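User: I'm new to this one, could you walk me through it?
Analyst: Gladly, here it is.

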Amino acid sequence: MIKIGLMFLFFVCTSTGGEIAITYGMKRVGEPASFRPMDLLRFIGRAVQSVWVWIALPMMAASFYSLLILLSWAPISLVIPASSATYIVGTIGAKYILKEEVSTARWIGVLLVFLGVALVAS
């Protein structure tokens, strides 16, 4: 049970960390000027030069593979609902790391997710 808990913690940290890093990087890269091929190539070029994108990619890959490991160790009826804990950690990261405004309705939604995960885990 401890190895499942540690792998789950690793999954949540890499998943949320990757999402926060890619969001941070892409906000600095900006959006493409248009969908013309040259504008898209310039956009991709800027994204490839972002260190935050390069930090996010291995974290997201580690998250995916740790999810596969979790699915081989524990029942899917536990892993998938419990993986929604990334929404909780992601919202907290959005608020305090990315300095995003999180509405009351979103916090209520996060609380409902937390309660659902607690019910499934018990």
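**Overview and nonpolar patch**

User: How much of the protein chain is buried?
Analyst: Of its 122 residues, 32% count as buried, where buried means under 20% relative accessible area, exposed over 50% and partly exposed in between (1.4 Å probe, protein chains only). This is a predicted model, in which local features need pLDDT of at least 70 and side-chain atom pairs pLDDT 80 or more, while totals for chains, interfaces and linings use all residues. Residues are numbered from 1 along each chain as its sequence is written, and side-chain values use heavy atoms, leaving out hydrogens and water.

User: What is the secondary structure?
Analyst: The protein chain has 6 helices and 0 strands, and helices (H or I, at least four residues) and strands (E, at least two) are DSSP runs numbered from the N terminus.

User: Which residues make the nonpolar surface patch?
Analyst: M38, L41, I44, V48, W54 and L57 make a patch of about 610 Å². Patch residues have over 30% relative accessible area and no salt bridge, with like charges joined within 9 Å and nonpolar side chains (Val, Leu, Ile, Met, Phe, Trp, Tyr) within 5 Å; a salt bridge puts a side-chain nitrogen of Lys or Arg within 4 Å of a carboxyl oxygen of Asp or Glu. Areas come from the Shrake-Rupley method with a 1.4 Å probe, and for residues only the protein chains shown count as cover.

User: Which helix gives the most to it?
Analyst: That is α2, with 4 residues, although α2 (37-48) and α3 (51-73) each supply at least two.

User: And V48, where does it lie?
Analyst: V48 lies in helix α2 and is partly exposed, at a relative accessible area of 45%.
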